[in-house]
Amino acid sequence: MSSADVAALEPLIVIAATAILVMMGIAFRRNHALAVALTVAGLAVAFISIFTAPAPRQVTRLLVVDGFALFYIGLIIASAAIVSLISFQYFRTHCADREELYLLLLLATLGCVVLAASAHFISFLLGLEILSVSLYGMVAYSKDRVHALEVGMKYLVLASTSAAFLLFGAALIYCSTGTMEFAKFRQLPPDDSSFPLFIAGLVLTITGIGFKLGIVPFHLWIPDVYQGAPAPITAYVATTSKTAVVALLLRYAYLSGALGHGVVFVVFVIMAIASMVAGNLLALRQQSIKRILAYSSIAHFGYILVGFLSGGSRAIEAVTFYLVSYTVTILSALGIVAILSNADSDADNLESYSGLFWRRPVLAAFLTAAMLSLAGIPATIGFLGKFYVLAAAAESGTWPLMIVLAITSVIGLFYYLRIVAKLYESSSGRETALPAVSPLSVLPIAVAGSLIIGVGVFPGHVLSWIRTAMVIFNQ
Amino acid sequence: MMLIWFICLPLFAAVLAVLSARYSRELPRWISLIALGLDLALAAQVWFSSASAGPWFAEVDWAWVPSFGIHFHLAMDGLSLLMLLLTFLLGIIAVLASWTEIREKVGFFHFNLMCLTAGIVTVFLAVDLFLFYFGWELMLVPMYFLIVIWGHERRVYAASKFFLFTQCSGLLMLIAILALYFIHHQTSGIYTFQYSELLDTSLSHRTEMLLMLGFFAAFAVKLPVLPLHTWLPDAHTEAPTAGSIILAGLLLKTGAYGLIRFVLPLFPHASREFTPVALILAVAGIVYGAVMAFSQTDLKRLVAYTSVSHLGFVLLGLYSWNSLGLQGAIMTMICHGLSTGGLFALVGGLQERIHTRDLNRMGGLWAVAPVLSGSMIFFGLASLGLPGMGDFVGEFLVLLGSYKVSVATTSIAALGILASTFYALRMVERALRGPNTNGWKFSDLKTREVLMVAFMIVGLLWLGLFPQPVLRTSQPALDYLQRHAQLSTGLVEEIANE
């Protein structure tokens with residue numbers, strides 16, 4: 001391993017070192033603020049090291065550090081840092097043992113970064129398992145809560161099952177192609193006798209990926225985990241971990257040419273349509289804001305699949321931009337939920353948001369912006385995401401998917417508007433007291449919230465970053 | 001550069017209104033009033049000094065998102081200018097009409113009102129399709145808030161319905177815009193949303209029809225065209241007075257404007273083929289609106305249904321494919337804004353005083369408030385198309401124009417005018433005459449309201465007696481349109497020169 005390899009892997013190394021540092025810090029002295037400070041500082045260093053990493057570079061056969069990977073690593077690290085800041089406010093009043101959360105968070109982030117850079121089944125599985133095992137602990141972290149263990153168990157069982165599918169799929173592919181490198185899967189001739197095995201393997205691996213993304217029909221864990229996990233962890237599951245899996249999906253699918261096989265394409269089309277329809281319909285009658293966001297996330301990943309399936313030169317850019325917009329928006333929305341929550345339970349019931357605008361105008365305005373962004377209203381980043389996905393789909397001419405996207409996102413408006421209308425209800429006079437909010441804790445939300453509007457109106461820079469980062473795929 | 005001010009002034013005012021609300025309840029009202037007044041003065045100044053060589057009086061073109069070929073491109077021709085004048089005028093009326101109605105959350109109310117104005121102005125000025133869509137959707141949000149926060153009993157239902165109808169049809173338009181964008185790229189190699197460049201895109205017969213329908217859906221919901229109108233009575237009825245004025249006076253006009261600016265010139269062949277359907281829908285709307293208005297007991301709902309009827313005339317005029325019809329449609333748009341705006345302002349004032357909109361509970365109001373009642377009769381008469389007032393000119397021109405296309409539809413539409421007499425007179429009869437059974441006693445219009453109403457009465461009379469300046473202003477824009485839509489021209493001069 002040369003020094004250039006080490007330099008290319010610097011983000012991974014920094015994150016791993018930070019995890020050790022935080023662990024030793026806890027051993028010496030338990031301090032919540034110190035743990036958060038170390039975590040955020042480590043993530044910041046890792047973020048900076050992205051800009052100095054020599055790219056593109058293949059580091060061993062397992063990892064590829066290129067513009068695409070670095071962009072996704074940056075997104076992962078940034079969202080993880082924001083989640084840590086949100087957690088700091090959220091767990092301030094939490095009972096004992098808050099510090100280990102950041103340890104788990106750093107490890108999970110390490111898994112995410114590995115996923116974003118992996119081009120090989122080994123690194124794929126390693127990254128996925130590091131991520132999953134850390135997440136088991138994170139979703140059940142508030143262990144005194146009623147549903148904590150249930151959520152942890154549910155996630156554990158379903159994630160292990162999907163990992164088993166994934167392993168089996170990988171085994172089948174290895175058996176038919178004799179390689180685990182994504183880029184070499186294309187070499188298998190379609191008239192080969194083991195070709196059906198290969199296709200079966202592809203579909204099985206997609207099952208595993210689909211589970212992590214929470215798309216129909218692998219979405220059953222999503223609402224329970226979103227609702228049961230502490231709000232910052234929900235944000236982590238929704239943004240950081242899914243970002244990593246999407247990065248992997250893009251690389252896996254495009255390198256292996258999976259979309260070129262009719263069966264795989266049809267499977268994806270069915271999953272996309274089912275996710276958009278089911279996600280939006282199921283969200284309609286929910287009373288819990290976290291459950292609404294959970295079902296809406298199913299729908300949003302359906303939209304992402306529409307962009308992914310368009311397969312044209314814009315597909316990767318569209319998917320990436322959509323992810324950026326979704327990440328920013330969800331961090332803002334769940335960050336506000338976290339701020340309004342207290343140690344015992346999350347501010348989850350829609351009723352607790354009644355008339356929020358008249359009591360906490362700034363928070364309510366940010367939440368409104370987030371909801372409008374999820375609904376895809378112009379002047380928000382979510383609109384541009386949807387616009388980009390529709391543009392990619394229009395370019396490749398997948399009209400049925402576009403029509404489904406349009407119709408289902410109108411259904412989606414129902415529940416986003418319900419939340420917004422709640423925020424502006426005139427006060428009924430029997431609201432519960434809101435927790436005190438420190439300016440520092442609003443900072444991450446303010447950052448995310450101003451990005452929603454700022455990028456929504458002036459998207460030029462972000463678009464050109466993405467375009468230059470994704471250039472490797474457009475050869 | 002000047003065009004930027006039309007958008008920025010209301011936006012500045014919006015921010016100022018929110019910030020100033022903590023000091024005074026009066027301040028946000030004055031801020032909105034001043035901003036709209038300045039904009040109106042600016043627009044009027046353009047009108048009086050308008051002498052332009054090209055098709056546009058003024059233009060602003062900045063690159064916005066270069067990687068998509070999106071421009072921040074505003075341009076103003078006679079049509080946009082007229083619509084802007086109407087926007088600022090009705091904006092002022094809306095501020096005045098809500099002066100005492102809105103007592104709570106005044107700052108945020110004016111924030112929304114001003115953002116709404118900015119959105120409407122963007123729609124009337126945008127000549128980049130992306131920017132147009134941006135403004136089109138952006139209008140929704142403040143309007144939604146106006147209804148959902150300050151509306152009446154069923155406000156959440158009405159606001160959501162309004163939002164969903166518009167958003168759904170808007171997305172179809174977005175898909176059509178994107179399709180046009182990529183088809184244009186395939187033929188010319190250029191990625192652009194610019195109106196003037198997309199005008200020359202060659203489309204296959206079927207694609208043109210589909211894309212036309214995508215655009216038409218969005219504008220038909222706003223206009224509203226018959227089967228898509230169901231959001232309108234709810235939204236108009238539940239909105240606060242200012243909201244109703246802006247909805248009826250301006251938002252409906254954005255639909256008609258979209259048809260004139262985009263559907264007819266971008267898809268001339270498909271639109272022409274679509275004419276019979278559009279004419280039938282128009283006539284159906286005229287008759288249906290009138291009949292429904294006749295049978296309402298809620299005064300605001302009654303006025304709302306008259307809009308369906310009047311906007312049917314606009315659609316009829318647009319699809320007559322001649323200058324007479326188009327001029328008539330534009331005239332009707334402006335006059336309907338004033339007469340319906342006036343009616344909504346008066347109904348709002350009445351509701352503020354007697355806390356009901358139920359016609360059955362009214363009666364004998366003439367004796368109590370003669371000025372209010374007199375103005376209401378005036379606007380009622382204007383609405384039924386009495387000669388001498390603006391609405392008559394508009395509807396007459398529309399009928400002249402459509403007569404050349406289809407005698408049958410024109411005859412039925414003329415029946416619609418007859419029906420409008422019934423509902424207008426019924427409104428006057430039920431509300432103002434007869435015995436005052438409920439013993440209503442309240443103060444007549446105040447100076448502010450008298451001024452506001454007088455303003456609109458003078459406007460309607462002026463438009464009815466001297467329509468020439470308006471016709472002259474819109475003519476170049478229509479000529480430009482017709483060149484692109486390859487219409488038969490030359491007939492409008494006969495009327496315009498009389």
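This is a predicted model: local features need pLDDT of at least 70, side-chain atom pairs count only at pLDDT 80 or more; totals for chains, interfaces and linings use all residues.
## Helices α17 and α19 of chain B

The axes of α17 (390-403) and α19 (447-465) of chain B come within 6 Å and cross at roughly 40 degrees. Axes are lines fitted to C-alpha atoms, for helices over the stretch in contact, with angles from 0 to 180 degrees between N-to-C directions. Helices are DSSP runs of H or I with at least four residues; strands are E runs of at least two; both are numbered from the N terminus.

B:Gly390, B:Phe392 and B:Val393 of α17(B) meet B:Leu460, B:Leu463 and B:Gly464 of α19(B). Contact means C-beta atoms, placed from the backbone, within 7 Å. These residues divide into 4 nonpolar, 2 polar and no charged. Ala, Val, Leu, Ile, Met, Phe, Trp, Tyr, Cys and Pro count as nonpolar; Asp, Glu, Lys and Arg as charged; the others, Gly among them, as polar.

## The side of chain B that touches chain A

On chain B, 23 residues contact 22 residues of chain A. Elements giving two or more residues to this side of chain B are α5 (129-138), α6 (140-150) and α7 (155-188). α7(B) gives the most, 13 residues. The side divides into 19 nonpolar, 3 polar and 1 charged.

## Chain B overall

Chain B has 21 helices and 2 strands. Its C-alpha trace spans about 70 × 55 × 45 Å along the principal axes.

## Model and numbering

Local features need pLDDT of at least 70 and side-chain atom pairs 80 or more, while totals for chains, interfaces and linings use all residues. Residues are numbered from 1 along each chain as its sequence is written, and chains are lettered from A and ligands numbered from 1 in the order in which they are written.

Note on methods
Two residues are in contact if their C-beta atoms, placed from the backbone, lie within 7 Å.
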